[in-house]
Each structure stands twice: as structure tokens, then as C-alpha cells.
Amino acid sequence: MRNPLTNRLLDIGLSGWMIALLVFLYIPIVTLAFFSFADSRVLTFPVQGFTLNWYRELFERPDFLPALRTSALVAVATMLVSTVLGTCGAILWMRYRFRFKQALQALTFLPVLFPQLLLGVMLLLWFSVLGTVFDFRLGIPTLIIGHVIYVTPFVMIIVAVQLYGFDDTVEDAARDAGASDWRVLVEITLPMIWPGISAAMIMAFLLSWGNFYLSYSLNGSMRTLPIFIYSGITVGSSPIYPALATLNFIPAMGLVVLADFLRRRALRRDTGAAKEES
Amino acid sequence: MRVLDRSWQDRGVLLNSLPLLTLLTLFFIGPILLTLLLTFQEMRSYQLQWVWSLRVWSEVFSKYSYWVVIGRTVSMAFLSTFLCILIAYPAAYALATRLKNYASHIQILIIFSFLTDAVLKTFGWVLVLDRNGIGNWLLQHLGLGDEALNFLFTPRATLLGVVYNLSVYPLFTIYLSLKRIDRDLILAAYDAGASKWQTFREVTLPLSRPGLYAGAVLVFVLTLGTFLESKVLGGGKSPLAPELIRQTFETRVNWPLGAALTVVLVAIATIVLAVAVRLVQRTRQEQAAKGAEA
């Protein structure tokens with residue numbers, strides 16, 4: 001307050017720190033994008049020229065498209081299941097107060113705090129023992145179950161934030177007008193909390209899409225994209241992995257921006273409605 | 001939204017909780033219990049035998065080399081927690097108090113980098129840190145060093161990767177608790193003649209403690225479960241506990257031993273978690289007491 005110069009230095013220092021962190025976060029991402037166009041099989045710097053060959057080579061790999069398909073299937077299924085479960089959990093959490101609520105909350109959040117590799121290992125043991133009894137193997141269903149356990153708490157948080165601003169007197173009004181519980185849910189409640197749900201769906205999809213640790217234990221003979229990349233880079237580096245990374249970035253960035261837009265619009269609408277009332 | 005008091009047997013409560021509860025019982029509590037039971041079994045010629053013995057546990061507690069690896073993992077976890085908080089706190093503070101006009105854009109950039117495939121990002125660091133990579137090229141051309149640094153495939157590279165992959169967690173938890181601080185409290189401190197530093201130390205820092213503890217616990221616990229960084233960046237030369245567990249399952253095919261090592265790591269994580277929960281509760285009580293005094 002008294003010394004404008006130190007204040008100014010403090011402002012610059014703090015903002016600079018944040019920007020430096022942002023640069024730090026993007027160092028490997030930019031590096032990958034750069035090397036995906038570099039015309040050299042060994043990934044060293046400086047580079048000779050630029051090429052799009054690595055993208056072609058990536059699609060010519062016979063095991064790339066199956067991995068892409070598995071990843072997409074698992075991510076979509078995880079997204080659907082965890083969104084339904086997470087929305088139920090969020091409603092339970094925000095709307096009701098009942099015995100055992102705290103215990104239930106702690107239990108539903110524990111999977112996030114659990115080291116993922118260990119969660120994967122425990123599920124692997126579980127499925128292996130059950131598999132010998134009921135005769136099934138690891139594969140896409142076990143992948144989906146593992147991802148759902150891990151992703152659902154994230155969905156709960158995002159939907160719960162949306163529910164916090166939800167004005168439930170509208171539901172009462174619909175009920176007074178003679179609507180059944182089901183119609184209230186489908187025509188009033190779901191459309192009003194939809195922005196939060198769709199943002200949560202995008203988050204769920206991306207968390208499943210990029211998951212490595214759980215897939216590593218639960219994939220059986222199936223490969224998701226992160227497993228495809230991991231098994232490639234531990235053997236030796238190749239420019240097809242930067243190419244794959246770059247292809248991965250563009251739709252992911254689009255989805256993140258879309259999720260943020262939906263969330264923001266919903267928040268604006270809620271605060272707008274609150275202002276009109278008062 | 002109004003909160004309704006209901007019995008736990010209420011139809012709405014059951015309808016919303018049963019699917020989640022069933023899933024968690026079948027695929028979370030079930031596996032944990034099974035893992036505990038498996039530690040009392042034995043493996044004979046790659047076949048699991050339900051024999052109920054303590055052999056695995058006596059092996060775990062008698063082999064010094066396991067505890068070296070576990071000790072290394074725990075110290076790595078402390079180190080990465082310390083570094084992540086050190087990096088994240090000023091950044092979260094800047095995001096909450098200085099860069100308000102850009103905060104939403106910065107948040108999107110952070111979330112995107114966070115959600116990008118961790119395997120790819122870790123591989124990106126390999127390309128940066130390689131002897132002939134961009135990092136060394138930059139260092140030499142900026143005149144900072146003549147010799148190429150051998151940074152890749154050292155424990156320090158592992159630490160860098162862990163800090164990189166986890167520093168976003170405390171950034172968000174600290175940011176959220178800083179945002180919740182009532183601005184009037186800070187202005188009141190200034191009015192009472194406190195300097196910036198005093199205000200930060202006496203008001204802002206204590207009030208942001210819940211986010212600080214939550215972020216620290218997340219980093220600590222998640223570090224206990226990393227093996228991607230030690231494998232890809234550390235070159236697998238000084239393995240951490242998850243790598244040991246992975247080998248026990250995959251190479252030695254010893255499920256009971258792997259299960260026992262998993263239980264040890266989970267126990268460490270649980271203790272840290274319990275301590276952190278106590279700390280947060282105590283901070284809340286202290287603050288409530290202070291609020292009551294004022």
C-alpha cells in the first residue's frame with residue numbers, strides 16, 4: 001500500500017509465476033506437436049525439414065485403428081454409465097439429508113483418492129478370481145467397469161455444482177399443475193440441469209479416453225490408445241507417437257472449450273434468474 | 001436447492017443411492033476385501049492355493065529390499081508434495097487475485113493440459129530432456145552450458161515428471177479455497193494497519209489451509225501410485241513401489257505377495273489421509289472458535 005514500487009514488483013512476480021507454470025505445462029505438448037512434422041526418424045533437435053509422412057505411417061500401423069476403436073467404445077460407454085450414476089449421486093447428495101449420508105459420501109469419493117494403479121491391481125485380482133469361477137476373461141467390459149468407478153466421482157462434483165444453483169420451486173409448481181413425478185423429471189428437472197450434465201459427460205469421456213493406469217491392469221488382450229502408446233514408447237521412440245499426440249489434441253481442445261462454454265452459459269442463466277427474482 | 005430430511009429407507013434416497021452403492025460394493029469394496037484375503041494365501045507353481053498362512057507377510061517384513069523401495073517411494077512422495085505446493089500456491093494466488101481478466105482462459109488452458117493423455121505428455125518430456133533434445137540444444141545456444149546434460153533416465157527426471165503430472169491438483173484446490181475467502185476480511189486487516197505480508201500470513205494463508213491440505217494429500221497419495229514416470233523418464237533404474245508391485249504380478253506371478261505390497265502402500269496412503277482429515281477439521285474448529293470470539 002505504502003510502497004507502489006514493491007507492489008508493482010509483487011504483481012509482476014506473481015503473474016509471471018503463473019505464466020511460467022503455464023509454459024511449463026505446455027513444454028511437452030508443444031514439443032510433441034513440433035516433432036510430429038519433423039522430417040527425421042530420430043527425434044532429436046535441430047531438425048532438417050518438415051513432413052506429413054508420420055501421419056500416414058500412423059494410419060498404416062495395423063494395430064492403430066483397433067486401439068482407436070477400443071478407446072472410443074470404452075470412453076462412450078464409461079461416459080453414459082458414469083453420467084447416470086454420478087447424476088443420481090449428485091441429486092442424493094444435494095437434495096436429501098439422511099442417516100449414513102456422510103459414510104456414503106466418503107465411500108463415493110474414495111476412488112478418486114485411491115492410487116489408480118493400486119485400484120487397477122485390486123480389480124485385476126478380483127476379476128481374475130471371479131473369472132476362474134464364472135469363466136470370463138478381461139476385456140472391454142472390465143475396462144468399462146474400472147473406468148466407471150474412477151470417473152463417477154468427477155461427474156458427481158460437476159453436476160452437484162450445477163444443482164446448487166437449481167431452483168426447485170419450479171418442480172413444485174409443475175407438480176401442483178398435476179404433472180407426474182416422471183414428467184417432472186423429464187420435462188423440468190433434466191432440461192434445467194442439462195448444461196452441468198453435458199459438461200460432466202465431456203469430462204467423463206476425456207478422463208476415460210486418456211486413462212492409462214486402470215487400462216494397464218484391466219485391458220486383457222485389448223489395447224486402448226494410451227496402452228498402444230505406452231507399449232510403443234517403452235520399446236523405442238518413433239515419430240508416429242508425436243503424430244498421434246497432435247491428432248489427439250485438436251478434438252480434445254474443442255471438447256474442453258465446449259464444456260466450459262456450456263458451464264458458463266448455465267451459470268449466467270442461473271444468476272440471471274436469481275437477479276430477476278430479487 | 002432445498003435439503004429434505006428423509007429416512008434412509010425413503011424411496012427417493014434408495015432410488016438414487018442403490019445403483020451407485022451396488023457398483024461400489026461389487027467393484028470397489030469387494031476387490032479391497034479380496035486383496036486383504038489374498039495376502040494370507042500362497043502361490044504354488046503359478047496356481048493360487050487357498051491355504052491361510054502368514055508366509056507372505058513374514059516375507060514382506062523380513063526382506064530389507066522391499067522396504068528400501070517403499071522408503072524411496074515415500075520420500076519421493078514427500079518431495080513431490082513439497083515441490084507441487086511450492087509451485088502451485090503462488091500460481092493459484094496469482095490466478096485468484098491478479099489475473100482476473102484472463103482467469104477463465106488460463107483455466108481452460110490448464111484443464112486441457114491436465115486432460116491430455118498422461119502417457120503422451122510423459123513421452124513429450126523424453127523428447128525435451130533427451131541428450132540431443134530441445135532442452136540441451138537451447139541450453140547450449142543460450143550459452144548456459146557447453147556440455148550436454150544427462151538428465152534423462154535419472155531419479156531427478158522421474159521427480160520432474162511426477163511434479164509435472166500432479167501439480168495441477170493443488171493448483172485447483174488452493175485456487176478454490178482462495179476464491180472463497182471473503183474480500184472484506186482482507187480489507188479489514190489493511191484498515192487495521194497490517195502490511196501486505198502480515199495480512200497474507202495472518203488472514204489469507206490460514207483461510208486457504210483446507211485447499212492446501214487437500215492438494216497436498218492428493219499429490220502425496222497419487223505419487224504413491226505412479227510408475228509411468230519412473231519407467232519412461234527414470235529409465236527404470238531406481239524403481240518405485242508400484243514398479244515392484246507390477247513386477248511381482250507380471251514377472252514373478254505371485255499374487256499374494258503383490259497383494260500384500262499393495263496393502264502396505266494403501267495403508268501408508270490411508271494414514272496420511274487420516275492425518276490430513278484431522279488437520280482440516282482442527283483448522284475449521286479453530287476458525288469457528290475465532291469467528292465466535294469476534
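This is a predicted model: local features need pLDDT of at least 70, side-chain atom pairs count only at pLDDT 80 or more; totals for chains, interfaces and linings use all residues.
Biologist: How much area do the chains bury between them, and on which atoms?

Modeller: Buried area is what two parts lose on being put together. Chain A and chain B bury about 9000 Å² between them. Carbon and sulfur atoms carry 79% of that area.

Biologist: How many salt bridges join chain A and chain B?

Modeller: Look for a Lys or Arg side-chain nitrogen within 4 Å of an Asp or Glu carboxyl oxygen. Between chain A and chain B the count is one. Arg98(B) and Asp11(A) make a salt bridge through their side chains, at 2.3 Å from N to O. Over all chains, the structure holds 15 salt bridges.

Biologist: And how many residue pairs are in polar contact between the chains?

Modeller: The count is 10 residue pairs, with both residues at pLDDT 80 or more. Now take the side of chain A that touches chain B.

Biologist: Which strands pair between the chains, and in what sense?

Modeller: Read strand pairing from the bridges. Strand S1 of chain A (residues 96-97) pairs with strand S1 of chain B (residues 4-5). The sense is parallel, over two bridges. Tyr96(A) has Leu4(B) as its bridge partner in S1(B).

Biologist: What does UniProt list for residues 68-259 of chain A?

Modeller: An unreviewed entry lists "domain: ABC transmembrane type-1" there. In the model, that span is 82% helix and 1% strand. Its end C-alpha atoms lie 23 Å apart.

Biologist: Which parts of chain A does UniProt annotate as "transmembrane region"?

Modeller: The unreviewed entry covers several spans, including residues 72-94 and 106-127. Compare each span with the model. Residues 72-94 of chain A are 100% helix, with end C-alpha atoms 32 Å apart. Residues 106-127 of chain A are 91% helix, and their end C-alpha atoms lie 24 Å apart.

Biologist: Where does UniProt place that feature in chain B?

Modeller: Among the spans in its unreviewed entry are residues 76-96 and 211-228. In the model, residues 76-96 of chain B are 100% helix, with ends 29 Å apart by C-alpha atoms. Residues 211-228 of chain B are 83% helix, and the end C-alpha atoms lie 27 Å apart.

Notes: Residues are numbered from 1 along each chain as its sequence is written. Chains are lettered from A and ligands numbered from 1 in the order in which they are written. Side-chain values use heavy atoms; hydrogens and water are left out. Buried area is the accessible area (1.4 Å probe) that two parts lose on being put together, summed over both. A polar contact is a pair of N or O atoms within 3.5 Å; within protein, one must be able to donate a hydrogen and the other to accept it, and residues adjacent in sequence count only if both atoms are side-chain atoms. Two strands pair if DSSP finds at least two bridges between them. Helices (H or I, at least four residues) and strands (E, at least two) are DSSP runs, numbered from the N terminus. UniProt positions are given in the numbering used here, feature names are shortened, and annotations may be inferred rather than shown by experiment.
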